[in-house]
Amino acid sequence: MSKKKNLVNLDRDTREKIRGFEELAEQLLDEQIERGTKISKEKVDDTFELYQFLDSEDKRIEKVNRMLTTKLDNFKKHSQEEKIYQKVQVELVNTRQNLVVNLAHEDNNIHQQIQEMFRRLF
Amino acid sequence: MNDETQNNQKEKNRSRIPNYAEITVESYKVFELTEKFKEQGIGEVPLYIDVSALNEELTKKALQNIAQSLILLNLHPFFPYPLYVITDKIGQHDVLPIIPTVEELPAHFNNKIKRLKQKEQLLLNKVRLKSNRLSNVALYDKIAEIKNQFKNQRKILRACQENEFYEHLIDKLNIPNF
């Protein structure tokens, strides 16, 4: 790429005026262009950020609204907690009985360990 | 504070991006807090009230009065927009969200304030409409219902944990179930 790319479009008089300072003018123009691009990029990012935030806010409020109205009401109307609790209670009673039966069994690990302990002691 | 000023403040809040704003109060009496909350429009923008200068006892009283004022106005400290209380004297509260310092406020509502473009303004209007709809829900009742559901689910959880513990014991006994 030509070094004097920014000065190509200048008219003859202006080119005469900056004779000897072409490199400096080129550098200054480059810096200006770079700064301008950076600012416009930041602007674009900013807008996107704000729009994203408002969009996420919209979704958040919508979700809270739906949870507190539709979902909670449905949950209350068709609650299955009591049935689940009763089922778990039945299972719990069975497991307790099972445990007692297992503990009373002569072949279980605890009995074997205790037997071994007494055998060694006496 | 007259109605016109309150309406102006509300109108101002509606056109604002939901960013943090501080509520400054001179005393923490219920009446004054109620007036201040009406003026600031709790629930329209995220707000915080800094009570970190108070000692532990006064903080407890202030929190109690803040909660009472909110109940009187039928406003909830979480929805649609939160009202945080800044204090490091108390870890948590039954009703109010507590944050130890301003710097620790959730970053979600920290946005650059700028002029809105048309599409952003439209989206903001939509958000305002939905948040107003949310304000009309009986929030305290709904939250109480959710807490009640928690209790029932905890009962189930405890029963399941107990059951699991017994099953683990049976496995350790090394005898097949019969």
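## Exercises on a predicted two-chain model

In chain B, helix α2(B) is followed by Gly41(B), which has a positive phi near 75°. Helices (H or I, at least four residues) and strands (E, at least two) are DSSP runs, numbered from the N terminus. The model is predicted, so local features need pLDDT of at least 70 and side-chain atom pairs pLDDT 80 or more, while totals for chains, interfaces and linings use all residues. Residues are numbered from 1 along each chain, chains are lettered from A in the order written, and side-chain values use heavy atoms, without hydrogens and water.

**Exercise 1.** Find which residues of helix α2 of chain B are buried.

*Solution.* Start with the range: α2 of chain B covers residues 30-40. Next, apply the cut-offs: buried means under 20% relative accessible area, exposed over 50%, and partly exposed in between (1.4 Å probe, protein chains only). The buried residues are Leu33(B), Thr34(B), Lys36(B), Phe37(B), Glu39(B) and Gln40(B).

**Exercise 2.** Describe how chain B meets chain A.

*Solution.* Begin with contact, meaning heavy atoms within 4.5 Å: chain B brings 48 residues and chain A 41 residues. Then look for salt bridges (a side-chain nitrogen of Lys or Arg within 4 Å of a carboxyl oxygen of Asp or Glu). Six salt bridges join the two chains; one of them pairs Lys130(B) with Glu62(A), at 3.1 Å from N to O. Now ask which elements of chain B take part: α4 (118-135) and α5 (139-173) each supply at least two residues of the side that touches chain A. The most comes from α5(B), with 20 residues.

**Exercise 3.** Work out how the rings of Tyr20(B) and Phe109(B) are arranged, and what their pairing connects.

*Solution.* First, the rule: rings of Phe, Tyr and Trp (its six-membered ring) pair if their centres lie within 6.5 Å; planes under 30 degrees apart count as stacked, over 60 as edge-to-face and the rest as tilted. Over all chains, the whole structure holds seven aromatic pairs. For Tyr20(B) and Phe109(B), the ring centres are 5.8 Å apart and the planes stand at 80°, so this pair is edge-to-face. Next, place the residues: Tyr20(B) sits in the loop between α1 (3-14) and β1 (21-23) of chain B, and Phe109(B) in the loop between β4 (98-99) and α4 of chain B, so the pair ties together parts 89 residues apart in sequence. Both Tyr20(B) and Phe109(B) are buried. Finally, widen the view: ring pairs link Phe53(A), Tyr20(B), Tyr48(B), Tyr81(B), Tyr84(B) and Phe109(B) into a cluster.
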